Structure formats: C-alpha cells, structure tokens
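Subject: The two-chain model, with notes

Hi,

Here is the structure I promised to pass on to you. Have a look at it first, and then read on for what turned up.

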Amino acid sequence: MAGLALVVVLVVVAVGAVIAIPYDEAIQLWRGGEAIWIETPRNALPGWVNVLPGVNLPETIALRASQRVTGTVPEQSGGVRAAALAVSFDYQYDDFPSEVALFFEAAFEQRQPLASVSWLMPDGRRVSLGEQTVGASTRYVVSQDQRLSQRLGGLPPEMGLFTDQRLDPPQAGRVLKGRYELAVDGLLFEEKSDLGVKLVVYGKVHGVAGTDHRRRDLAVALLWGTPIALAFGLLAAVGSSVTTLAIAAVGVWYGGWIDAAIQRVTEVNAILPALPILILVTTFYSRSLWVILAVVILLNIFSLGIKFYRAFFLQVRESPYIEAARAYGAGSRRIIVRYMIPRVLPLLAPGFVTAIPSFVFLETSLAFLGLGDPSLPTWGKILNDAYQNGALYKGYYYWVLQPSALLMLTGLSFAMVGFALDRVLNPRLRLQ
Amino acid sequence: MGGGNNQSSALTGESSPWGRLLKYSVYRGVALFLTTVVGVYLTILIANLGGHVDEIRRAQIREAVGALVLANPDLQVLPPTELRRLMDQQVVLEETRLGLERPFLVRSLGYLTDALSLSLGRAEHLTSDSGSRQVRLILLERLPPTLLLFVTAYLALFCISLVAGLFLSRRYGSFLDRATIALAPTSAAPAWFYGIFLILVFAAWLKVLPFGGMVAAPPPVSTWEYGVDVLRHMVLPVTAILIGAVFLSIYSSRTFFLVYSNEDYVEMAKAKGLPAAAIERRYILRPALPPILTGFALSLIGIWTGSIILEIVFNWPGIGRLLFQAIGLYDTPVIVASVVIYAYLLAITVFVLDIVYALVDPRVKIGADGGTP
C-alpha cells in the first residue's frame with residue numbers, strides 16, 4: 001500500500017535526522033546567530049531550482065585572500081609594512097548576488113592596520129571601495145555602503161559591482177560574466193601585525209531547501225521536524241487511545257454510577273474547546289513540548305470515542321466466555337485486562353492511526369500561532385516564521401511550500417494507512 | 001396518519017409529537033447548561049491556576065492607588081513615609097473590596113456567575129471598534145462574522161455530503177466512488193492548511209480573489225455591493241473549510257447509506273414497487289440520518305477549533321482573530337472571555353444537533369441515554 005510505504009519513508013527520515021545531526025547540535029544550529037550562519041544568504045531559494053531550464057541563479061562564493069606580498073613602504077619609516085592581498089573568482093551566473101561582504105581579521109597590539117580595497121571587473125574597470133581601519137574582526141558589508149551606491153549611479157552595490165556597463169549605463173541590469181578580483185592594499189604599523197580578509201559573495205540559492213530570514217538552512221529544520229512531529233503524534237495518539245479504551249472498559253464493566261459519571265465527564269469534555277484551552281495554557285504557563293503533550297492527552301482521554309468503545313464493550317460483556325469467566329470467579333480487573341481489552345484492540349488500530357496526523361497538525365497549529373516550543377525546529381515554526389515575514393506577499397513560496405508538503409505527506413500517509421485498516425478491520429463497514 | 005399517531009401515543013404516553021419534542025428540548029437544554037457550567041468553571045480554573053490573574057490584579061491595584069495618591073495635590077505636603085503608609089492602607093482597602101484576600105475557590109464562583117451572565121469585565125489593551133473597553137461589546141462585534149462564515153460552511157458541507165453520499169451509494173464501486181475513497185484522507189489536514197494554498201493560487205498567482213479580510217477597504221457604499229463584496233471575500237475561506245472536510249463527510253455518509261440500503265425492508269419496498277425517490281427518502285435517508293448527524297457533529301467540533309487559525313490566515317474579523325490579537329497583547333480578560341464564548345458556541349452547536357436528532361429519530365425517548373451519542 002502506498003500509505004504504508006510513505007510511513008516507512010518518514011520513519012527512516014526521522015531516524016536518520018536524529019542520527020545525522022545530534023539533538024544538541026540541532027538546537028544550537030537552529031538557535032542560529034551570527035557565528036553559525038553568517039556566510040549563508042538570507043531567504044535563498046533551494047539549490048535544485050538551478051536544475052530548471054533557463055534558471056541560473058548564483059550560489060554563494062566564499063574565498064579567503066590568497067597571495068600575500070609584504071614589503072616595506074619606502075616613504076615611511078618606523079616599521080610600516082605594506083601587505084597586498086587579492087581574491088579572484090569567476091562569475092558565470094545569470095543573476096546578481098544578494099549581498100557582498102568582506103570579513104577582515106587583523107592581529108595587532110595597539111595600532112590598527114589600514115586597508116584600502118578596490119574591485120577589478122572583467123572589462124578592466126576598477127572601482128575603489130574606500131579605505132578603513134581594521135579591528136580584530138571587522139565586517140564590511142559592501143552592499144550596504146550608501147556612498148558606493150551613489151558612485152555606482154544609484155544602483156545597490158551588489159548590482160553595480162556586477163553590471164555590464166557596455167550596454168546602456170547603469171539601468172541595463174545585465175550581469176557581466178568573467179573573472180573578478182578584489183584587491184586589498186594594507187598598511188601594517190607594527191612588527192607583529194597581520195591582516196587577512198575573506199570575501200563572501202552571497203548567492204540566491206543555498207542547499208537543498210533554501211534559507212529563512214535569519215540565514216538558517218531550512219534543511220535542518222525540515223529534517224529535524226520529522227522526528228519531532230512523528231514522536232508527538234505517536235505519543236499523543238498512544239496516550240489518549242489507550243487511556244480512553246481503559247476508561248470505557250472500566251465504565252462498561254462496573255456499570256451503575258461509574259458509567260453515568262464517565263458519560264457526564266465525556267460530555268463536559270466535549271464542551272471544552274481544545275485549541276483555545278491549549279492557547280490558554282501555553283500563554284500563561286509553559287510552552288514546553290512536554291506540557292503541550294500532557295495537556296493534549298488529558299483533553300483527549302474523555303473524548304467522544306468513548307461512546308464507540310462503550311457500545312462495543314457492551315456487546316462483549318454479554319458474550320459467553322465473559323460469563324464463563326465470571327462463573328469461575330475471575331476478578332473484575334482480570335476480566336477487563338485479559339478478556340475485554342484485547343478483544344477491542346483491532347478496533348482501536350484504525351482510529352489510532354488516523355488520530356496521529358490530527359495531533360501532528362494540532363502541534364503545528366500551536367506553533368503557527370507562535371505558541372509552540374520556541375527552541376525546537378518544527379514545521380509549524382517554519383510556517384510561523386514564514387507567515388510573520390510575509391512570505392506569500394514577498395514571493396518566497398518555497399518557505400511555505402516545503403514544510404506544507406512534508407505536513408501533507410505525513411497526514412496523507414497515516415490517513416491512508418488508517419483508512420485501509422478501517423476497511424479491513426471494522427465489522428460495520430463489511431459489505432458483501 | 002391517524003393510525004400511526006395513535007400507536008405512537010400509546011407507546012410513549014405523550015400527547016403529541018410536538019409535546020415530546022418540547023419536553024426533550026427542555027431536558028437536553030438543562031443538561032447541556034449544566035455541562036456548560038462545569039466546562040466554563042474548568043476554563044476559569046485553568047486560566048487562574050498559578051495565581052497569574054491575581055498577580056495582575058494586585059499589580060493593577062498598586063499602580064492605580066499609587067497614581068491616585070501622587071496626583072492628589074493635598075497629599076504632596078506629607079513626608080514620603082507617610083505617603084507610603086497611606087498608599088499601603090489604600091491598597092489593602094482595594095484588595096478587600098475586590099475580595100482578593102478571600103480564598104480563590106470562593107472567588108472562582110463569583111467569576112463563574114460573571115462568565116455565565118456574560119458580564120465579562122473590561123479589556124486591558126483592546127478596544128472595540130465602537131470605542132468601548134467592555135469585553136462583552138468587543139466580543140459581540142466579532143461574533144457575527146464568525147457565525148456568518150461557519151454557519152454558511154456547515155450548511156454547505158451538510159447538504160453536499162448528503163446529496164453526494166446518496167448519489168455515490170447508488171454507484172458502489174464506480175470510478176467516482178473509488179475516487180472519493182482515495183481522496184478521503186485529505187481530510188487529515190485542517191482547513192487553514194488548504195486556505196494557505198488557496199490564497200497562494202487564487203490571490204497571489206491568479207489575482208482573482210482577495211487575500212483576506214471580510215470587505216474591501218474602503219467598503220462599498222450601497223448595501224447590495226457590500227453584500228456582494230462580502231460574498232466575494234467569503235469564497236476562499238468557505239472553500240478551504242469545505243476541502244478540509246468534504247471528502248471524509250461524503251465517504252462516511254455514503255457508507256451509511258450503503259449499509260442501510262442493504263436492509264430487508266428496502267428489498268420489501270422495492271418489491272412493493274415504490275418509486276426510487278420515495279424509497280430513498282423514507283427507508284434509507286431517515287434511518288441513516290442519526291449516525292450521519294453524529295459523524296457530522298464530530299467534524300463540527302474539529303472545524304470549530306481549527307477556526308482560529310483559519311481566521312488568522314484569512315484575516316477574517318471574527319472571534320478567532322480576536323483571540324489571537326489578545327494573545328499578542330497579553331490581554332487576559334479578552335482571552336478568557338473568548339475561550340468561554342467558544343465553550344458556549346460548542347454547547348449551542350451540540351444542543352441544535354440534539355434537537356435535529358430528536359426531530360429525525362422517533363426512537364429518542366426522554367430519560368433514556370438519548371441525544372447525540
């Protein structure tokens with residue numbers, strides 16, 4: 001069955017994700033921050049779009065300066081040395097990069113080195129990117145330099161530095177392909193000073209799944225969302241199904257006021273709106289996933305499924321072997337556990353399997369509202385981020401479509417298996 | 001009709017079908033009211049556990065008293081220790097007035113009567129469109145859009161699933177039948193999920209329908225155009241609700257119809273030569289309605305809880321979106337009141353379904369464990 005195959009695939013992915021990226025590392029990656037994600041572009045499309053014909057979007061180019069030529073500067077004395085650093089790369093993409101940034105690293109005691117940066121384009125033009133003093137680790141975001149933008153005719157630097165000017169001046173918008181070079185002439189003022197630079201030309205695609213607004217690779221969250229979603233759905237479904245079953249059995253067996261009390265509690269539970277109460281709990285108390293799981297199970301113990309199990313147990317209670325068990329003096333607990341519950345387990349299976357995706361979507365709903373577990377990378381969290389950052393309006397469809405596809409896949413696979421089980425196991429639905 | 005009526009009266013001892021219905025309504029109404037009371041009480045307990053709301057109240061009192069005392073020019077001449085003593089006195093007075101030193105359980109009964117009588121207090125941050133801070137008015141303004149959307153969707157869902165289910169039950173094993181079964185698992189995803197896709201296709205890509213909201217801004221002047229605009233904005237949300245529930249509903253109602261059309265009395269009716277329409281109406285539809293209504297009730301509850309996110313996705317000005325705004329502003333009175341309103345709406349839905357159930361199923365008797373199972 002197709003459903004079963006999909007479920008297996010999901011489980012494999014889930015297990016694989018947990019093994020490939022250990023939990024702590026995943027959380028750290030997801031918490032993000034500059035140290036980890038600074039060299040990935042923002043809101044980048046998934047890498048496979050370049051497979052499509054006619055699409056040739058740039059990937060990120062990150063290069064450290066290679067040649068280092070040091071010599072003394074003849075005009076000045078006092079140990080001032082010159083350093084020349086260069087980075088060159090070949091740019092053959094059809095589209096402009098999303099950002100350009102330089103990362104300087106300098107070693108010095110008191111006097112900071114001076115760096116003079118220039119940009120050499122394939123057609124021979126040289127653009128000066130200015131001079132600056134460099135600290136221990138300085139970031140110069142070229143694409144946010146307003147004066148540079150003006151010098152380039154009003155274009156944002158990441159476009160201006162890559163535009164083919166042989167066509168009409170600046171608004172042509174065509175990328176100049178060829179060999180680019182970044183040259184840094186540095187002045188080092190101390191004996192032991194040192195200067196290094198790294199050029200990052202941010203692309204517009206990244207990885208398998210693209211990136212989000214905080215430059216995080218979405219593949220991490222998509223992969224790790226799988227075991228979290230599956231675990232939550234499974235635990236919730238198991239917890240609520242088993243307890244519901246047990247309570248229905250107890251109610252039917254003991255009858256009388258216990259049965260009536262359970263009925264009344266069930267009705268009250270039906271009135272309690274599940275999602276609003278979850279919202280209450282997560283707003284006021286805790287957003288930890290375990291708390292959410294516990295509340296979900298609690299709210300679903302006395303669910304309306306009790307009526308179905310109750311009807312079935314009523315039938316079972318009158319059957320001859322139960323009567324025989326009572327005749328030879330079996331205790332109530334023994335009868336319930338050994339005879340009644342095993343009889344109903346096949347009936348449990350379809351409902352249980354069909355319930356899993358509804359719990360997965362419940363957790364997604366909470367995360368979408370911003371009330372999910374804040375430290376865990378779940379699919380709902382991705383959707384929440386996407387929605388908060390206007391993904392649909394800005395055209396970042398991949399951001400919304402990828403977690404939705406995974407959610408749909410999970411839901412469909414479990415639902416298909418559940419339906420198949422239902423057709424096989426449910427006696428009511430057997431038609432000749 | 002005469003013979004049948006007499007027979008039923010002799011069995012049940014009631015004077016007329018309408019009298020039976022009335023008594024049943026009253027009984028169920030009272031039972032449901034009691035359940036609602038318990039449910040609302042539980043909601044209040046949950047919202048107040050941990051003393052969170054009490055802390056807010058105490059902080060509010062302290063702030064208000066402090067502001068009052070400091071603003072009073074006559075009291076400025078007093079030394080700071082005197083001022084502090086005065087403020088503490090006032091705080092104690094206020095707290096006593098509000099009964100905060102009474103145990104919580106006693107006060108919770110007071111909150112319960114408040115909630116049940118719908119005197120829901122004042123909002124902390126939100127204001128209604130008409131400028132009032134009263135939570136009741138804020139909620140009342142938001143209730144009609146929610147009702148409009150969901151009542152329309154439910155009615156459409158119910159009619160479609162009945163008609164299509166009946167249609168399919170006559171074509172067991174056909175292509176449409178198997179297609180419906182194959183599509184039934186799509187109901188695993190909630191309505192708002194499909195809503196996002198609908199927006200993507202029809203609003204962002206094809207640009208034929210609006211992104212969200214209930215009316216265009218600025219709204220059209222004439223009533224007719226206003227109504228048409230609202231309808232236009234309703235298309236996508238209602239469609240989302242339908243997609244999320246329709247295939248499963250058609251599947252289950254078709255299954256029930258199939259089960260009941262295999263009964264012996266249907267064979268009898270066919271042998272008697274009754275027209276197909278009459279058979280369907282009297283022998284198949286009538287007994288199948290109760291379990292169909294049950295299944296429908298279950299899906300209803302699912303739709304209600306999903307409605308919050310649906311309203312957010314479509315920016316629909318209903319109670320769901322209000323709850324979301326209140327969460328963002330941490331406006332406790334509105335949050336608690338919205339949850340209470342949802343409990344009421346659920347109770348009313350169940351009540352209405354019980355009435356319909358009683359109308360449809362003549363076997364429902366008072367005192368037995370009747371009502372929607």
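Below are my notes on this structure, taken topic by topic. Please keep in mind throughout that this is a predicted model.

Let me start with where the two chains meet. Chain A brings 39 residues to the contact and chain B brings 42 residues. On the chain A side, four helices each supply at least two residues: H7 (256-271), H8 (274-284), H12 (332-368) and H15 (397-425). H15(A) gives the largest share of that side, with eleven residues.

Next, the nonpolar cores. The largest one has 137 residues, and the members that touch the most others in it are Phe359(A), Leu323(B) and Ala343(B). Helix H11 of chain B, residues 276-313, contributes the most to this core, namely 16 residues. If you want to look around Phe359(A), set aside its neighbours within four places in sequence, and you will find it in contact with Phe232(A), Gly233(A), Ala236(A), Ala237(A) and Val296(A). Another core, of 28 residues, lies apart from the largest one, and Phe96(A), Val100(A), Leu148(A) and Leu187(A) are among its members. As general background, nonpolar side chains tend to be buried together in soluble globular proteins.

- S1 (residues 61-64) and S9 (residues 194-202) of chain A are antiparallel, with four bridges between them. In this pair, Ile61(A) is opposite Val201(A) of S9(A).
- S4 (residues 99-107) of chain A runs antiparallel to S9(A), and nine bridges join the two.
- S4(A) and S7(A) are antiparallel over five bridges. Here Ala101(A) faces Val141(A) in S7(A).

Now for two spots among the helices of chain A. The helix H13, residues 379-388, has eight of its ten residues buried, so the rest of the structure largely encloses it. After H13(A) comes Gly390(A), which has a positive phi, near 65 degrees.

The other spot is Gly225(A), which belongs to helix H6 (residues 218-254) of chain A. Is Gly225(A) buried or exposed? Gly225(A) has 27 other C-beta atoms within 10 Å, and 20 or more is the cut-off, so Gly225(A) counts as buried. Beyond its neighbours within four places in sequence, Gly225(A) is in contact with Pro377(A), Thr378(A), Trp379(A), Pro403(A) and Leu406(A).

Finally, chain B on its own. Chain B has 13 helices and zero strands. Of its 373 residues, 32% count as buried. Taking the contacts in chain B between residues at least 6 apart in sequence, 69% join residues at least 24 apart.

H6 (residues 135-169) and H12 (residues 319-329) of chain B pack with their axes 8 Å apart, at an angle of about 135 degrees. H6(B) and H12(B) are therefore oblique to each other. H6(B) makes the contact through Leu139(B), Arg142(B), Leu143(B) and Thr146(B), and H12(B) through Ile319(B), Gly320(B) and Leu322(B). Sorted by class, that contact has four nonpolar, two polar and one charged residues.

Happy browsing, and best wishes

Note on methods. Residues numbered from 1 in each chain as written. Chains lettered and ligands numbered in written order. Predicted model: local features only at pLDDT ≥ 70, side-chain atom pairs only at ≥ 80, totals over all residues. Contact = placed C-beta atoms within 7 Å. Core = buried A, V, L, I, M, F, W, Y, C linked by C-beta atoms within 7 Å. Buried ≥ 20, exposed ≤ 12 C-beta atoms within 10 Å, placed from the backbone. Pairing = 2+ DSSP bridges. Axes fitted to C-alpha atoms, helices over the stretch in contact; angles between N-to-C directions. Parallel < 35°, antiparallel > 145°, perpendicular 65-115°, else oblique. Nonpolar A, V, L, I, M, F, W, Y, C, P; charged D, E, K, R; others polar.
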